[in-house]
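Have the model open in your viewer and a selection tool ready. We will go from one stop to the next, and at each one I will say what to pick.

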Amino acid sequence: MKTFPVLIITMALTACGQSASTDTVESLAANPERLKELRTQCKADRAKLGDALCNAVAEATRKRFMGNGTPYTPESAPKN
């Protein structure tokens, strides 16, 4: 009985023609051609692609530009 709602949701998504995207932030960051293609599509029609995918595209773009970042390591003040 618990699988019934999942089945209904799956059928509804299939009927609408939208499938769940397999693009993750990591896969997009590793594939610059796909990332560029999706960035262009998100700029043109974000509503069609969806917020989740376009947010993943933005995060992958940030990761490619910034990397994993540098942790904040303040220098200690000189002792007198």
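## A short tour

Start with Arg 64, which is partly exposed, with a relative accessible area of 47%. Keep in mind as you look that this is a predicted model. Arg 64 sits in helix α5, residues 51-66. Now show its surroundings: leaving out residues up to four places away in sequence, Arg 64 touches Ala 29, Pro 32 and Leu 35.

Next, select the largest nonpolar core. Its eleven residues are Val 25, Leu 28, Ala 29, Leu 35, Leu 38, Cys 42, Leu 53, Cys 54, Ala 56, Val 57 and Ala 60. Colour by element and you will find that α2, α3 (32-44) and α5 each give two or more residues to this core. Which element gives the most? That is α5, with five residues.

Beyond its neighbours within four places in sequence, Cys 42 is in contact with Leu 49, Cys 54 and Val 57.

For the last stop, go to Asp 23, in the loop between α1 (3-16) and α2 (25-30). Is Asp 23 buried or exposed? Asp 23 counts as buried because its relative accessible area is 18%, under the 20% cut-off. Show side chains here, and you can trace a polar contact of 2.7 Å between those of Asp 23 and Arg 34.

Definitions and conventions. Residues are numbered from 1 along each chain as its sequence is written. This is a predicted model: local features need pLDDT of at least 70, side-chain atom pairs count only at pLDDT 80 or more; totals for chains, interfaces and linings use all residues. Side-chain values use heavy atoms; hydrogens and water are left out. Helices (H or I, at least four residues) and strands (E, at least two) are DSSP runs, numbered from the N terminus. Buried means under 20% relative accessible area, exposed over 50%, partly exposed in between (1.4 Å probe, protein chains only). A polar contact is a pair of N or O atoms within 3.5 Å; within protein, one must be able to donate a hydrogen and the other to accept it, and residues adjacent in sequence count only if both atoms are side-chain atoms. Contact means heavy atoms within 4.5 Å. A nonpolar core is a set of buried Ala, Val, Leu, Ile, Met, Phe, Trp, Tyr and Cys residues joined through side-chain atoms within 4.5 Å.
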